Protein chains: 2
Amino acid sequence: MLDPTGDLLALTRALCDIPSVSGDETAIVDAIEAALRRYPHLEVLRDGDALVARTSLGRAERVVVAGHTDTVPIADNLPTTVVGSGSEAAVWGRGTVDMKGGVAIQVALAAALTAPTRDVTWVFYDHEEVEASLSGLGRIARNHPDWLAADFAVLGEPSNAGIEGGCNGTLRVEVRVPGVAAHSARSWMGVNAIHGAAEVLRRLAEYEAADVEVDGLVYREGMNAVAISGGVAGNVVPDECVVTVNYRFAPSTSVAGAEAHVRELFSGFDVTLTDAASGARPGLDDPAAADFAATALAFTGGVPAPKFGWTDVARFAELGIPAVNFGPGDPLLAHKDDEHCAVAQIQLCHDALRSWLTS
Amino acid sequence: MLDPTGDLLALTRALCDIPSVSGDETAIVDAIEAALRRYPHLEVLRDGDALVARTSLGRAERVVVAGHTDTVPIADNLPTTVVGSGSEAAVWGRGTVDMKGGVAIQVALAAALTAPTRDVTWVFYDHEEVEASLSGLGRIARNHPDWLAADFAVLGEPSNAGIEGGCNGTLRVEVRVPGVAAHSARSWMGVNAIHGAAEVLRRLAEYEAADVEVDGLVYREGMNAVAISGGVAGNVVPDECVVTVNYRFAPSTSVAGAEAHVRELFSGFDVTLTDAASGARPGLDDPAAADFAATALAFTGGVPAPKFGWTDVARFAELGIPAVNFGPGDPLLAHKDDEHCAVAQIQLCHDALRSWLTS
């Protein structure tokens with residue numbers, strides 16, 4: 001049984017030590033549900049392995065605080081361990097950064113804050129680390145849009161306890177280079193598709209990614225081949241080479257605009273869009289967001305920064321809800337075998353969020 | 001039971017209709033062995049699934065006539081069928097070109113020629129279509145070099161019933177381009193190995209393959225990427241890209257010389273040689289070869305031509321035995337789903353070889 005009101009590190013470790021690789025979230029969500037159903041100030045709702053717990057105090061403002069319960073595959077790094085002590089202590093293991101530190105804060109505050117100054121909808125969702133169509137947050141938005149109604153949302157994705165606003169958009173295309181197959185002993189009878197890909201790679205190598213300022217934050221873009229494949233056998237001139245390109249684009253650019261940019265870059269080649277997600281503007285000019293940023297940064301210091309990776313703040317942006325990332329852990333350690341999170345950051349984010357929800 | 005003295009087309013079809021994909025040659029070799037052991041003019045020897053049948057008449061000259069019994073995988077193209085009639089008839093199915101037409105000629109003449117004018121060593125070997133180290137011909141050369149002793153060798157590989165001399169050499173290298181992995185949302189923290197491969201592909205695309213005259217025949221070379229791979233996941237800047245390059249080089253160039261040429265072409269990159277086989281000079285200046293060419297071409301017409309693909313004539317060249325390719329079937333149809341061979345070519349090659357061995 002989870003103890004939401006006990007030690008925050010112990011709660012974080014308990015959540016990490018329940019394996020919950022995408023698709024296997026039932027056990028952890030059962031545990032969170034059982035823990036939160038004991039609190040009469042919370043209405044608890046569930047859809048599959050997505051869970052919502054909310055207050056209904058008639059406050060003037062409602063905020064969503066959301067986090068995903070799934071992780072990428074475990075790399076022999078569970079159960080968790082704690083290394084170091086005092087202000088240097090860190091908890092090591094899968095999920096400590098991405099993002100059960102944030103989930104622990106949600107569970108603890110959902111239980112503790114019986115009368116927050118803003119109504120709160122605590123959202124725990126499944127399938128964040130896999131293809132977008134499986135997302136538990138997307139499923140709630142489709143099945144129960146009212147569960148997500150809010151003026152503002154905080155997503156507990158790791159941000160080193162800073163406020164990261166918005167996110168870049170992302171799309172992937174396959175650039176296909178055709179050829180004509182032939183035996184490599186008579187290669188003049190064919191056309192080598194891999195050789196034809198030289199021009200695609202040249203354009204990528206020479207591409208200069210832009211820095212784009214949006215609402216006062218500077219977003220760095222990126223245009224990268226993430227895969228290349230071609231070849232049939234060791235003695236065959238290949239008749240196709242496919243380069244998969246991932247474009248990360250500033251939130252001021254639409255998916256359609258980004259796609260057009262990529263198609264222009266690879267003009268003359270067959271370009272197929274395989275997936276895309278728009279970015280989200282930082283939204284820090286919204287009063288609720290500005291208020292949250294002021295309160296949170298009074299605890300953690302720093303200034304709001306752009307989020308480069310795509311996160312579900314973009315999903316909230318699509319719903320018309322301003323959202324920021326705010327959570328413990330260094331995002332560079334997410335998905336790594338040596339994933340670990342400073343214990344102090346978990347406490348700091350907890351305290352900042354508690355302060356904002358009680359002031 | 002095979003009937004070596006019956007209809008040549010029927011014998012060809014019977015051999016094709018015994019499936020013998022590399023590694024599965026036992027049934028066909030058992031059948032050939034059983035057929036040839038009935039002839040007292042032949043000494044029959046066996047090593048695994050390689051079979052040798054030879055005369056020992058004390059002739060002044062000994063020739064090897066060799067063919068492999070294995071095929072590439074069957075493409076739903078067995079049992080054989082015959083399409084067309086008369087001079088237009090063709091036998092369709094796996095192995096008809098590569099090279100059971102040639103094997104049928106060997107079986108028929110081994111049985112029929114009780115007193116050839118040259119002593120003949122008929123060689124049937126396994127594992128030609130797979131990696132060189134498994135070759136049954138190589139195994140005989142290691143275990144029983146005396147079985148291959150000869151003044152000249154004819155290899156029944158498909159040559160459109162023409163004489164194809166020598167063969168190009170072949171080698172493969174892996175050209176490795178390193179990078180530094182990073183999340184593609186923060187690509188500036190990494191180095192994209194696929195982008196780095198642009199230069200490798202540029203050199204390949206701009207490479208002009210040479211035509212090289214050797215002993216009067218012109219060999220066309222070829223330098224081709226036969227595979228490229230790189231990429232870890234759709235959101236990762238890849239840390240390695242590997243281009244596999246196949247160089248087909250004229251028989252006047254040694255493996256060492258060819259390797260040096262490839263290393264020079266890809267200077268600045270990590271180049272690993274993965275396999276290599278030297279070519280074979282055409283050897284048509286050898287008296288035995290010249291005599292065979294004159295007799296065979298009196299039947300089939302044409303002039304000797306270079307063989308571009310690597311064949312086991314190179315293995316004979318290494319043993320110091322001049323060798324040529326001479327067999328029925330269009331080599332461009334080898335390994336194809338629509339593999340088929342003109343029946344007239346099988347008969348023509350049979351008659352030419354018979355004439356040479358009895359004149």
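**A buried lysine and the interfaces**

Tutor: We can begin with A:Lys307, which is placed in the loop between β17 (305-306) and α9 (313-318) of chain A. Please keep in mind throughout that this is a predicted model.

Student: Is A:Lys307 buried or exposed?

Tutor: The cut-off for a buried residue is a relative accessible area under 20%. Because its relative accessibility is 7%, A:Lys307 counts as buried.

Student: Which side chain makes a polar contact with the side chain of A:Lys307?

Tutor: Leaving aside neighbours within four places in sequence, A:Lys307 is in contact with several residues, among them A:Pro158, A:Tyr219, A:Asn325 and A:Glu164. The polar contact between side chains has a distance of 2.9 Å, and the partner of A:Lys307 in it is A:Glu164.

Student: How is chain A divided in the domain assignment, and how many Å apart do the C-alpha centres of domain 1 and domain 2 lie?

Tutor: The assignment gives domain 1 of chain A as 8-167 + 280-358 and domain 2 as 170-277. The contact takes 16 residues from domain 1 and 11 residues from domain 2. Between the C-alpha centres of these two domains of chain A the distance is 35 Å.

Student: What area is buried between domain 1 of chain A and domain 2 of chain A, and which three residues supply 49% of the part that domain 1 buries?

Tutor: The area buried between the two domains of chain A is about 990 Å², of which carbon and sulfur atoms give 61%. On the side of domain 1 of chain A, three residues supply 49% of the area buried against domain 2, more than any other three residues, and they are A:Arg281, A:Phe308 and A:Trp310.

Student: Which residues meet in a salt bridge, and at what distance?

Tutor: Across the interface of domain 1 and domain 2 of chain A the rule finds one salt bridge, and it also finds two residue pairs in polar contact. The side chains of A:Asp215 and A:Arg281 meet in a salt bridge, with an N to O distance of 3.0 Å.

Student: Turning to chain B and chain A, how many salt bridges are counted between them, and how many residue pairs are in polar contact?

Tutor: Chain B and chain A bury about 3200 Å² between them, with 61% of it on carbon and sulfur atoms, and the contact takes 43 residues from each of chain B and chain A. The count of salt bridges between chain B and chain A is zero, whereas the residue pairs found in polar contact across this interface number 16.

Student: Which element gives the largest share of the side of chain B that touches chain A?

Tutor: The elements that give two or more residues to this side of chain B include α5 (193-196), α6 (198-206), β13 (222-230) and β15 (240-249). The largest share is nine residues, and it comes from β13(B).

Student: Where does B:Arg172 lie, and which backbone oxygen is 2.4 Å from a polar atom of its side chain?

Tutor: B:Arg172 lies in strand β9 (residues 169-178) of chain B, and B:Arg172 is buried because its relative accessible area is 17%, with a cut-off of under 20%. Leaving aside neighbours within four places in sequence, the contacts of B:Arg172 include A:Asn235, B:Thr244, B:Asp275 and A:Gly234.

Methods: Residues are numbered from 1 along each chain as its sequence is written. Chains are lettered from A and ligands numbered from 1 in the order in which they are written. This is a predicted model: local features need pLDDT of at least 70, side-chain atom pairs count only at pLDDT 80 or more; totals for chains, interfaces and linings use all residues. Side-chain values use heavy atoms; hydrogens and water are left out. Domain bounds come from an automatic or database domain assignment. Contact means heavy atoms within 4.5 Å. Buried area is the accessible area (1.4 Å probe) that two parts lose on being put together, summed over both. A salt bridge is a side-chain nitrogen of Lys or Arg within 4 Å of a carboxyl oxygen of Asp or Glu. A polar contact is a pair of N or O atoms within 3.5 Å; within protein, one must be able to donate a hydrogen and the other to accept it, and residues adjacent in sequence count only if both atoms are side-chain atoms. Helices (H or I, at least four residues) and strands (E, at least two) are DSSP runs, numbered from the N terminus. Buried means under 20% relative accessible area, exposed over 50%, partly exposed in between (1.4 Å probe, protein chains only).
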